Amino acid sequence: QVVVSDYNLSKIIKETSGLEIIGDYFITHNNSGGYPILFYLSKDGKIIKERSVESADNKDWEDITKDDKYIYISDSGNNYSNRKNLKIYKIPINEDSAEKTQIISFDYPEQNSFKINTNTIFDAEGLISIDDKLLIFTKNRREKITEIYSVPKIKGDYKAKKIKTLNVNSIITGADYNSDLKLLALTSTIDFTEYYIITINDFNLYSNKVYQINLIKIPIGKTQVEAIKIIDKNNFWITSEDESGVKYARLLRLKI
C-alpha cells in the first residue's frame, strides 16, 4: 500500500465524512452538528465553493453518493441507536435547477427498541447508488458485520429492506461502488485506531454468492477514515478526519 498523494484540507472541514467526484470537483461534507453544506474541492483539496442544502439539517451526515442527475446525502449516523429521524437528502447535481430538496426518510423494521445503546447494530455510515436503489451499509459494532439495506430513490417514508449481510470482520465507516468495474469499496476499522480498505469484486445486488473480502490496511497511522472514492481497481481516494493532534483533515490517494 502506497500513499500517492496527501493534501491537507481546510480546518472548516475537519470532520470530512463522505467523498464524491462531480466533474472537476471533489465533494465532501462535515459529519455532525454543522451547517448543511457541501464543500466543492479542487483536485488538491482546496475549497472552491460551498453549496448550502436548503431545507436540510446536518444531524449526523455520514456519506454521499450520486447518479446521473442527483446527489444523495445520508443523514444516518445513529451512534446511540435512539434516532427516529433517519433520512437521505436528494438534491439535483445541477445547481441552477429549480428543484427543491427531496427527503427520503427511513427506519429499520427490525429495530424495536430506541433506548440508548452504544453497542448498536442500527448505525450506518456507508451509502451507494445502484440502478434505482440506494444501499445503506450498517456500522454493526456488536457483530463486526455489515447489513445492507435498500430504499428507493423516490422521496417518501420507507421501511428499509434488508437484502444482504457481509461478513467483513470489521466496522464499516464508508462506501463506494463503481458499476463499470463492478467493484464495491468500503472503509472500516476494528478498534477505531487503524483503518482499512475493503474491496469486493464482481459485487452483484441479486447474487447470493459468498464474496471474498479483501482487507487492506491504510498506511497512515492512527486516524479516522469515513470516506472513499474508487479510481480503478488499485487506486482510491479517501479522506481522513482531523484526529490525534494532526491538526488537519486530509485528502489522500492510495495505491494498493
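Visitor: How many bridges join strand β17 to β18?
Guide: This is a predicted model, in which local features need pLDDT of at least 70 and side-chain atom pairs count only at pLDDT 80 or more, while totals for chains, interfaces and linings use all residues. Residues are numbered from 1 along each chain as its sequence is written, and side-chain values use heavy atoms, without hydrogens and water. Strands are DSSP runs (E, at least two residues; helices are H or I, at least four), numbered from the N terminus, and two of them pair if DSSP finds at least two bridges between them. Tyrosine 196 stands opposite lysine 217 in β18, and the antiparallel pairing of β17 (residues 195-201) with β18 has a bridge count of four.

Visitor: Why is strand β7 described as largely enclosed by the rest of the structure?
Guide: Buried means under 20% relative accessible area (exposed is over 50%, partly exposed in between, with a 1.4 Å probe and protein chains only). In a regular strand the side chains alternate between the two faces of the sheet. Here both faces are covered, with Tyr70, Tyr72 and Ser74 buried on one side and Ile71, Ile73 and Asp75 on the other. β7 (residues 70-75) is largely enclosed because its buried residues number six of the six.

Visitor: Which residue of β8 is the bridge partner of serine 74?
Guide: β7 forms a hairpin with β6, with three residues between them, and aspartate 63 stands opposite serine 74. β7 also pairs with β8 (residues 87-92) in the antiparallel sense over six bridges, and there the partner of serine 74 is isoleucine 88.

Visitor: How many charged residues are in the lining of the largest pocket?
Guide: The lining includes at least two residues from each of β6, β10 (124-130), β15 and β19 (225-232). Asp, Glu, Lys and Arg count as charged, Ala, Val, Leu, Ile, Met, Phe, Trp, Tyr, Cys and Pro as nonpolar, and the others, Gly among them, as polar. Beside seven nonpolar and five polar residues, the number of charged ones is eleven.
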